[in-house]
Amino acid sequence: MESNQFSIFITDSLMRYLVKSLPNRTSRFEAFQYLVSRQITKLEADYYGGRDIPFLAKVCDLSKRWRWSRNTVFSFLKTLEEEDVLEVKQCTDGTLIRVLNIIPSYQKMSAEQ
């Protein structure tokens with residue numbers, strides 16, 4: 001499978017939300033891009049089931065990476081979950097995150113045929 005070849009469906013309201021940036025911090029779009037890239041890594045590791053496998057993240061690590069407060073990270077994840085873009089579950093080791101609506105290029109091509 002070619003790397004980074006996928007489609008993802010997002011709403012217009014989500015696009016408007018993502019383009020708003022926080023000063024001197026990672027933008028919402030860049031943060032979303034990071035979450036998608038983590039899910040794509042799962043997809044590439046497990047060709048058929050990777051988009052259904054959540055990845056583990058720690059809010060404190062995301063907070064440091066993005067230079068956001070923990071509350072901002074929680075709010076961001078909650079907003080994306082409400083937009084039906086993410087599935088988020090708390091567990092003892094951190095937060096399980098699964099990006100929804102990712103269609104790998106191999107599935108898109110087969111659907112068009």
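Reader: Why does Asn101 count as partly exposed?

Author: Asn101 has a relative accessibility of 39%, and partly exposed is what lies between buried, under 20% relative accessible area, and exposed, over 50% (1.4 Å probe, protein chains only). Asn101 therefore counts as partly exposed. A word on the background: this is a predicted model, in which local features need pLDDT of at least 70, side-chain atom pairs count only at pLDDT 80 or more, and totals for chains, interfaces and linings use all residues. Residues are numbered from 1 along each chain as its sequence is written, and side-chain values use heavy atoms, leaving out hydrogens and water.

Reader: Where is Asn101 found, and what is its phi?

Author: Asn101 is found in the loop between strand S4 and strand S5 (102–104). Its phi is positive, about 65°, although Asn101 is not a glycine. Helices (H or I, at least four residues) and strands (E, at least two) are DSSP runs, numbered from the N terminus.

Reader: What makes Asp84 count as exposed?

Author: The relative accessibility of Asp84 is 53%, so Asp84 counts as exposed. Asp84 is found in the loop between H4 and strand S3 (86–91). Its phi is also positive, near 60°, in a residue other than glycine.

Reader: Let us turn to the helices. Why are H2 and H4 called roughly perpendicular?

Author: Two packed helices are described by the angle between their axes and the distance between the axes. Helix H2 (residues 28–45) and helix H4 (residues 70–82) pack at about 70°, and their axes are 12 Å apart. Axes are lines fitted to C-alpha atoms, for helices over the stretch in contact, and angles run from 0 to 180 degrees between N-to-C directions. Angles under 35 degrees count as roughly parallel, over 145 as roughly antiparallel, 65 to 115 as roughly perpendicular and the rest as oblique. H2 and H4 are therefore roughly perpendicular to each other.

Reader: Which residues of H2 and H4 meet?

Author: Arg28, Ala31, Phe32 and Leu35 of H2 meet Phe76, Leu77 and Leu80 of H4, where contact means heavy atoms within 4.5 Å. This contact has six nonpolar, no polar and one charged residues. Here Ala, Val, Leu, Ile, Met, Phe, Trp, Tyr, Cys and Pro count as nonpolar, Asp, Glu, Lys and Arg as charged, and the others, Gly among them, as polar.

Reader: How do you know that H1 is roughly antiparallel to H4?

Author: Helix H1 (residues 12–19) packs with H4 at an angle of about 165°, with their axes 11 Å apart. That angle makes H1 roughly antiparallel to H4. Leu14, Tyr17 and Leu18 of H1 make the contact with Phe76, Thr79 and Leu80 of H4. By class, the residues of this contact are five nonpolar, one polar and no charged.

Reader: Why is it said that the buried residues of H3 line one face of the helix?

Author: In helix H3 (residues 59–66), Val59, Leu62, Ser63 and Trp66 are buried. Seen down the axis of H3, these buried residues fall within an arc of 105°, so they line one face; the arc is that of the directions from the helix axis to the C-beta atoms. They pack against H2, strand S2 (55–57), H4 and strand S4 (94–99).

Reader: What makes Ser63 count as buried?

Author: Ser63 counts as buried because its relative accessibility is 12%. Not counting residues up to four places away in sequence, Ser63 touches Trp68, Ser69, Arg70 and Val73.
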